[in-house]
Amino acid sequence: MRYRVTHTTTYRYQQAVGLSYNEVRMQPRPCPNQQLLSSQLKITPLPCDYRTRTDFFGNQVAWFSIREPHREFVVTASSEVQIFPQPVQLDFSHGMSWELVREALWNDRSEPLLEARQFALDSPFVSADAELAGYAQASFTPGKALIEAIHDLMQRIHRDFTFDPEFTNLATPLTTVLQHRRGVCQDFAHLAIGCIRSQGLAARYVSGYIETLPPPGKKKLVGADASHAWFSVYLPDLGWMDFDPTNNQLPGDRHIIVAWGRDYSDVTPLKGVIFGGQNHELKVAVEVENLGV
Amino acid sequence: MKTLSTPEAFAPGYRLDKGIHDEMLDETGRVRPHWAHLMQALQQLGPREVGQRHQEALKLLRENGVTYNVYGDPDGINRPWQLDPIPLLLSGDEWFDIEAGLLQRAELLNLILADLYGPRQLIKKNLLPLELIYNHGGFLRVCDQVRLPGQHQLVLCAADLARGPDKKMWVLGDRTQAPSGAGYALENRLAMSRVLPSLFRDTHVHRLARFFQSLRAGLNAIAPGDADTPRVVVLTPGPLNETFFEHAYLASYLGYPLVQGDDLTIRDGYVWLKSLVGLQRVDVILRRVDDNYCDPLELREDSRLGVPGLLEVVRRGNVAIANPLGSGVLENPGIMPFLPGIAKYFLGQTLKLNSIATWWCGQARELNYVLANLERLVIKPIYRKPGEHSVFGHQLSRVQLADWRARIKARPALYVGQEYESFSTVPAMVSGGYEPRQTLLRCFMVARADGYTLMPGGLSRSAPQYGNMMITNQTGGISKDTWVVATEPQHPAIPSKRSGGGLTGHGNALPSRAADNIFWVGRNAERAEGGVRLLRATIKKLFSNPDRDSLDYQLSLETLLRCVTSMTGTYPGFFAEDNEGLLQAPEAELLAIVVDESRAGSLANTVNRMTQSGYAVRDLWSSDTWRVIDEIEEQVSEARRLGKTGLWSMQEQMDQLITTLSAFSGLVMESMTRGNGWLFLDIGRRLERGLQLVSVLRTAFAMPQSEATETRLIESLLDTSDNLICYRQHYRSNLELASFLELLLMDPNNPRSLAYQIARLQEHVGKLPREPSTRRISAEERLLLEASCILNIANIEDLLSVSEAGIREALDQQLSKIYALLAALSDTLTANYFRHGDAPQSLS
C-alpha cells in the first residue's frame with residue numbers, strides 16, 4: 001500500500017521570536033517492510049542553518065536554526081511511503097517461551113540480541129517497577145510463548161484502559177495511567193513497554209501514523225488524523241514485531257513508521273528552544289492519504 | 001645520615017593506631033626519611049610559630065578570595081578555603097610509580113571514551129557490560145560518533161588516591177567531566193610558599209606552574225583546524241556553583257574570558273562570544289558545566305546554564321570542548337573492576353595502579369557478595385547525582401541496611417559496593433598540636449599533543465575528625481598542599497601573571513554580562529558610599545546635638561531623615577503617613593536601613609549586591625582590589641553584628657566603612673586599566689552619584705523652610721558630601737542656600753557636583769564602542785546633552801524662587817527632569833550594551 005503523509009505543526013507566538021533552534025524527527029525511517037519514496041520538509045520562516053543526520057537509533061533528524069523574527073512558525077513534513085504487509089500471521093502458541101527469550105537476551109552476545117538488550121533497560125519515561133510487573137504478571141504465565149504473552153498483554157490493555165485525550169499529557173507518570181486506566185496511544189505504548197521490561201524483556205517505542213477510516217458513508221476529513229504510537233518486541237526467531245495496544249491489532253499495512261527509540265523522549269517529532277515569543281498556541285494537523293496499491 | 005628524632009620531641013601525643021599506615025612515621029615510630037627535613041624545621045619553628053604561619057596562610061587565602069560554596073548552608077556561600085599547614089609529602093621514588101600508574105590510567109580512560117562513543121568494541125567483546133554503560137546517566141546517546149580532533153578525547157582528568165593498610169596507593173575514583181581542584185592546589189601552593197619560603201625551597205619540592213602551561217598547550221591542541229590563535233573561554237555555571245572561585249581563578253590565571261551560557265550564542269555553525277564590540281568566534285571551551293546541562297535543545301531542556309545548539313557545532317567540528325560532552329560516562333565506579341581486562345585488551349599491560357576493590361551489582365555473584373557484606377562496604381550509585389554521597393554500610397542501622405538491600409535488589413545494575421578501607425594518616429595541625437588525620441589525594445592530568453602530563457603534587461584533603469573516611473569539601477574536609485620531594489633542587493617556573501592592581505580584562509572581548517556586572521559594582525559602591533555618608537551625618541546629628549529641643553533642630557533632623565529615605569529608596573520610611581512617632585524615635589528605622597539585608601536599599605543589601613556583582617566577574621579584579629571588596633563585606637557583617645547593641649555603637653563602624661569604600665574607589669581610579677571595564681564602572685559610579693545628589697536636594701529644599709533650619713541642613717549635607725571645607729574655602733561666609741546649590745549643582749570643578757558627574761558621563765559615553773556606521777549622536781549622548789542643557793541654563797535665583805503654592809517649583813521641576821534623564825540613561829545603557837536578549841524557552 002502507498003501513502004502520502006502530511007504532518008503540519010504550527011506555532012503562533014504572542015510576541016515575535018527572534019531566534020530559534022530546532023530538531024525535527026518527522027521523516028519516515030527506512031525499515032524492512034517500509035520504503036520511503038519521497039520526503040520533504042517545508043519550514044517557514046526559512047532556516048538560516050539546516051543539517052540532517054541519523055541519530056543513535058537510526059532515525060532521521062533535521063537540525064535547523066531560524067534567525068528571522070517571526071510570529072508564526074510552520075513545519076510541514078510530506079512523505080510518500082510504500083508499505084509491505086508484515087509477514088504471515090503465526091500460530092501464537094508456538095515459538096520460544098518468554099523465559100527462554102529472556103535467558104537468551106541476557107546471555108547471548110550476538111549482535112541483534114545485544115542491540116535488543118538496550119531496550120530492556122529503564123529509560124527516561126519508562127521505569128519498570130513492581131506495579132507494572134504486577135499488571136504484567138497475568139500475561140506472563142510460566143512457559144507461555146513470548147508472542148502469545150505479548151498478544152495477551154496488548155488485548156488486556158485495550159480492554160482495561162479507556163482512550164481519553166483529556167486525561168493525560170506528556171508529563172503524566174505511568175503510575176497515574178495505571179491507576180486510573182486512562183490515557184492515549186503514547187501512554188498505552190509506554191505502559192506495555194514498562195510491563196514487558198518488568199519481565200526482563202526488551203521492548204521499544206515506535207512513533208508514526210495510522211490510516212484512519214471515516215465512519216461508513218462519510219467522507220474523510222482533511223487533517224483529522226494524528227500522530228500515532230505503538231511498541232515493538234524482539235523475537236529471536238522473527239526479529240522485531242510491532243503491536244498496537246490502542247487499536248488492539250498487529251500493524252499490517254496501515255501503520256507508517258517514522259522513528260523508534262526507548263520511549264517518547266528519543267523520538268519527539270519537534271523540539272525547539274526559542275528566544276522571545278512569550279506564550280504560544282500550537283496546532284498539529286496530520287493527513288494520511290491512501291494512494292492505493 | 002642524620003639521626004631522626006622521635007615524634008615525642010615535636011609532636012607529643014601524636015597517636016599511631018595499629019593497622020593504620022601513617023605517612024610520617026614508620027611502624028617503629030620513627031620519622032620516614034623524606035619527612036625528616038620538614039619535621040625538623042617545624043620543630044625548630046615551634047608550634048606557636050607554625051600556628052602563626054598557618055594563620056598568615058589562611059589570611060592570604062582569604063584576602064585572595066579563595067572560597068568554596070557549600071550547598072544548602074545559609075552561611076555556606078563563599079566559605080573561606082581551609083588549609084592545613086602540614087603538607088602531604090611523597091618521596092620522588094614513590095611519585096615515579098604513582099606517575100606511571102596515573103598516566104597509564106589516563107591513557108586507558110581516553111581509549112575507553114573513544115570506544116564508547118565510537119565502535120563500542122568493549123561492549124561487543126564483553127569487556128564492559130552493556131547495562132553498566134547504557135544505564136549510566138552520563139552516557140549521552142546524542143554524543144555518539146562525535147570526536148575531538150587529535151589523539152586525545154579525554155583532555156583533562158583527575159583521580160582520587162589514598163593509601164590502604166597494605167601501604168599501597170589505591171585509586172578511589174576518577175573525575176573525567178570537569179575535574180575541580182587544580183586551581184585550589186595552585187592557591188594552596190602559593191600560600192604555603194609565601195609563609196614557609198625557606199622550608200619550601202630547601203625541601204626541593206616539584207613546581208606546579210608547568211602543569212598549567214601544559215593545560216594551555218593541551219587546549220590549543222584541540223582547537224579546530226583553521227584557528228591560528230584559538231580563542232579559548234572558560235564556561236562556568238555562575239557564582240553560585242561550589243567551585244566558582246576556581247573557575248574565575250583559572251580563567252584569570254590562564255588569561256581566558258570567564259563566560260556563562262548566555263554569554264555565548266550559536267550562529268552559522270559556530271560558537272560566538274557576545275562581547276561589547278559584537279560577536280567574537282570561540283574555538284575552544286574549557287567547561288565547568290556538567291555535560292547534561294550544556295545544550296537545552298539536545299540535552300536537559302530545563303537547563304539555563306548551557307548554549308542551545310552547542311552540540312551541533314561540536315558535531316560539525318567547529319568548536320572543541322574540554323572535556324568533551326559525554327565524558328561523564330567514565331565517572332562510573334562500576335567500570336573500575338573491568339579496568340584490568342580492558343588494559344590487557346587495549347594496551348597489553350597489567351594495571352600499574354589498582355582501583356579500590358569494587359563490586360558491580362549488575363552481576364549475580366557480585367550482587368550476592370555486596371548484599372551479604374553490606375554492613376562493611378561503601379554503597380555508591382553508578383551515576384552520582386549532585387548532592388548524593390556515598391553510603392557507609394557500617395553507619396547504617398539494621399532497618400536502613402534492609403532498606404538498602406531492597407533498593408539494590410530492585411535495580412542492581414545501578415549500584416556498586418566498594419571496600420571500606422582505613423586510609424593512611426598525615427599529621428594535621430589541630431588546636432596548636434599535631435594529630436593524625438585520614439587523607440585523600442587528588443591528582444590532575446592533562447593531555448598535550450604528545451601525551452599526558454601529571455601535575456607533580458595535587459590537592460590533598462584530610463578529614464575533619466580522626467577516623468572519618470568521608471572526605472569531601474561539602475562536608476568540611478580540610479585541604480593540604482602536596483609536596484613531591486625531589487632529590488635535586490627545583491627551578492622556579494615563570495611566575496603567575498596575576499599581580500599588580502586594577503582590572504585585567506580581555507580588551508575588547510569583555511562579555512556584555514561582565515560589563516553589566518561591572519556597571520552595577522560601580523553603582524552599588526557609590527550607592528553604599530553615599531548612603532553611609534548621609535546615615536553617618538544623620539546619626540551624628542541625632543546623638544550629638546546640644547539644643548535638641550529647638551524647632552530648627554527638630555525640623556532639620558526631620559528633613560534629613562526624609563533625605564535618608566529618598567536617597568536609599570527605602571520608602572515609605574520617614575515619608576510614611578502618621579509618621580510622627582517614627583520621626584520622634586527614628587533609631588529603629590535607621591538601624592534597619594543600615595543592617596536589614598532583606599530590605600532593598602539598605603546598606604547591607606546594597607553592599608551585598610555590590611559584592612555579588614563583583615563576585616560574578618571575580619576573574620577581572622586584582623588581588624588588591626578583591627581584598628578591599630572582601631573587607632567591605634566583612635565590615636558590613638560586623639555592623640550587622642553590632643546592630644544588636646543599637647545605633648550608637650555603629651558610628652565607628654561607619655567611619656571605617658567610608659574609608660574602605662573610598663579605598664575601593666581610589667584603587668579603581670589609580671590602578672585600573674582604562675578599558676571598557678573601567679568605563680562602565682565609572683559610568684555606574686557617576687550615574688549613581690548624580691541620582692543620589694538630585695534626590696537629596698529635592699527632598700531637602702523643594703519645600704522652603706526657615707533660614708535657620710536650612711542652614712542646619714546645609715551644614716549636615718556639606719558634611720555628607722565631604723564638601724564642608726571646600727565650601728568654607730570658597731565662600732568664607734555663612735552657610736547660605738544659593739552658594740550651596742552653586743557648589744553642588746553647577747561647579748564644574750567640584751568632583752561631587754552634578755555638573756561634574758554629567759561632564760564625566762558625557763566623556764565616558766563618547767568612548768563606548770558603537771556601530772561604526774552611525775554618524776548621529778547616540779541615545780546616551782542625547783540624554784546627557786539634555787541634562788547638561790537644563791543644568792547650564794538654570795540660574796540660582798529662579799531655582800530659589802518660591803511659587804504661589806509655597807514650593808520652589810523651578811528647583812523641583814528641573815531636578816526631577818534631570819533625575820528622569822539619568823534614570824533613562826541607565827535603561828538605555830542596559831538595553832544597548834547589557835541585554836542578552838530574552839531568556840530561552842523550550843517549545844513543547
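Where in chain A does A:Gln278 lie? The legends below take us there, among other stops. This is a predicted model, in which local features need pLDDT of at least 70, side-chain atom pairs count only at pLDDT 80 or more, and totals for chains, interfaces and linings use all residues. Residues are numbered from 1 along each chain as its sequence is written, while chains are lettered from A and ligands numbered from 1 in the order in which they are written.

**View 1. A:Gln278 sits in a loop of chain A**. The loop runs between strand E12 (270-276) and strand E13 (280-292); helices (H or I, at least four residues) and strands (E, at least two) are DSSP runs, numbered from the N terminus. Although A:Gln278 is not a glycine, its phi is positive, about 55°. A:Gln278 is exposed, with 11 other C-beta atoms within 10 Å. (A residue is buried if 20 or more other C-beta atoms lie within 10 Å of its own, exposed if 12 or fewer, and partly exposed in between; C-beta atoms are placed from the backbone.)

**View 2. B:Asn126 has a positive phi too, of about 65°**. Look for B:Asn126 in the loop between helix H3 (121-124) and helix H4 (130-134) of chain B. B:Asn126 counts as exposed, with 12 C-beta neighbours inside 10 Å.

**View 3. The peptide bond from A:Thr44 to A:Pro45 is cis**. Its omega is near -5°. A:Pro45 belongs to the loop between strand E2 (34-44) and strand E3 (49-54) of chain A.

**View 4. Chain B has a cis peptide bond from B:Tyr571 to B:Pro572**. Here omega is near -5°.

**View 5. Four strands of chain A form an open sheet with antiparallel pairing**. Their order is E10-E9-E8-E11. Strand E10 (239-243) and strand E11 (255-261) stand at the edges with a single partner strand each, so one side of each has no neighbour in the sheet. From one strand to the next, the twist averages 35°. Two strands pair if DSSP finds at least two bridges between them; strand E9 (residues 227-235) and E10(A) pair over five bridges. A:Tyr234 stands opposite A:Trp240 in E10(A).

**View 6. Helix H6 (residues 185-198) of chain A lies across strand E8 (203-210) and E9**. Helix H6 runs at about 15° to E9(A). Axes are lines fitted to C-alpha atoms, for helices over the stretch in contact (C-beta atoms, placed from the backbone, within 7 Å), and angles run from 0 to 180 degrees between N-to-C directions.

Technical notes: Two residues are in contact if their C-beta atoms, placed from the backbone, lie within 7 Å.
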